[in-house]
Amino acid sequence: MKLELPELPFAKDALAPHMSADTLDFHHGKHHNAYVVKGNELLEEAGLEADSLEQLVMEAAKAGGGLFNNVGQHYNHSFFWNSISPNGGGQPAGAVADAIDASFGSYENFKAEFVTGGVGQFGSGWVWLAAEGETLKIVQTANADTPLTEGLKPILVCDVWEHAYYLDFQNRRPDFLSSFLDNLVNWEFANQNLA
Ligand code: MN3
């Protein structure tokens, strides 16, 4: 199985000013692409096979090291591009809105916990909304780690590696996380994942 850099599901300038075309040029065209290229080299060496990307992540996790880091980062970034949208941001609708109310008490509580989770992830990593059975929770993962390997179902993700926000927000990670929720988050994708 070969990794393939997915096309962005929006025009590169469609998320500005919340996420600039410059950021996407580097983040998708350079960072994500580098994980794809390196991941394919290591996959060929390891001779790892899988029927789906999710299964490949689970197999690569057993191998660990650079193989997992590159395959994990490919999965996480592919999930991230779908977690943002030019039509996104603001209050959720549909089943995910009900699940957020049931799990966090309110959208405001969810938002506070998500931002705190992303700010509190020391160094590089990710903050996720993930499902454990019927319950939604905020999950932090470091580097290339993903909730998949913890038996959780990913619903949404925000990349909190500095390369995700430094050109647009410099060191202001809290502002990036608030902006992700207010302007970019793709609730439609969340509802698809929840179903
Ligand atoms: Mn990234």
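How many bridges join strand E1 to E2? The count is 8, and the two strands run antiparallel. Before going further, please note that this is a predicted model.

Let me stay with the sheet. Strand E1 covers residues 125-132. At Glu132, the residue standing opposite is Thr135 in E2. The sheet itself is open, has 3 strands in the order E2-E1-E3, and pairs antiparallel. E2, residues 135-142, and E3 stand at the edges with a single partner strand each, so one side of each has no neighbour in the sheet. On average, neighbouring strands are turned by 25° against each other, direction ignored. As a reminder, strands of a sheet pair through backbone hydrogen bonds.

Next, the helices on this sheet. H3 lies across E1 and E3, at about 85° to E3. Helix H8, residues 187-194, lies across E2 and E3, and runs at about 155° to E3.

Now the metal. Which protein residues are donors of the manganese ion? They are His27, His77 and His163, each through NE2, and Asp159 through OD, at 1.9 to 2.1 Å from the ion. Their spacing in sequence is H-x49-H-x81-D-x3-H. His77 lies in helix H3, residues 65-82, and Asp159 lies in strand E3, residues 153-159, so this pair ties together parts 82 residues apart in sequence. His77 is buried at 0% relative accessible area, and Asp159 is also buried, at 0%.

Last, the aromatic rings. A search of the whole structure finds 15 aromatic pairs. One of them is Phe104 with Phe110, edge-to-face, with 5.5 Å centre to centre and 65° between the planes. Phe104 counts as buried at 11% relative accessibility, and Phe110 is buried at 0%.

Methods: Residues are numbered from 1 along each chain as its sequence is written. This is a predicted model: local features need pLDDT of at least 70, side-chain atom pairs count only at pLDDT 80 or more; totals for chains, interfaces and linings use all residues. Side-chain values use heavy atoms; hydrogens and water are left out. Rings of Phe, Tyr and Trp (its six-membered ring) pair if their centres lie within 6.5 Å; planes under 30 degrees apart count as stacked, over 60 as edge-to-face and the rest as tilted. Buried means under 20% relative accessible area, exposed over 50%, partly exposed in between (1.4 Å probe, protein chains only). Donors are N, O and S atoms within 2.8 Å of the metal (3.2 Å for Na, K and Ca); water is not among the atoms, so sites may look incomplete. Helices (H or I, at least four residues) and strands (E, at least two) are DSSP runs, numbered from the N terminus. Two strands pair if DSSP finds at least two bridges between them. Axes are lines fitted to C-alpha atoms, for helices over the stretch in contact, and angles run from 0 to 180 degrees between N-to-C directions. Contact means heavy atoms within 4.5 Å.
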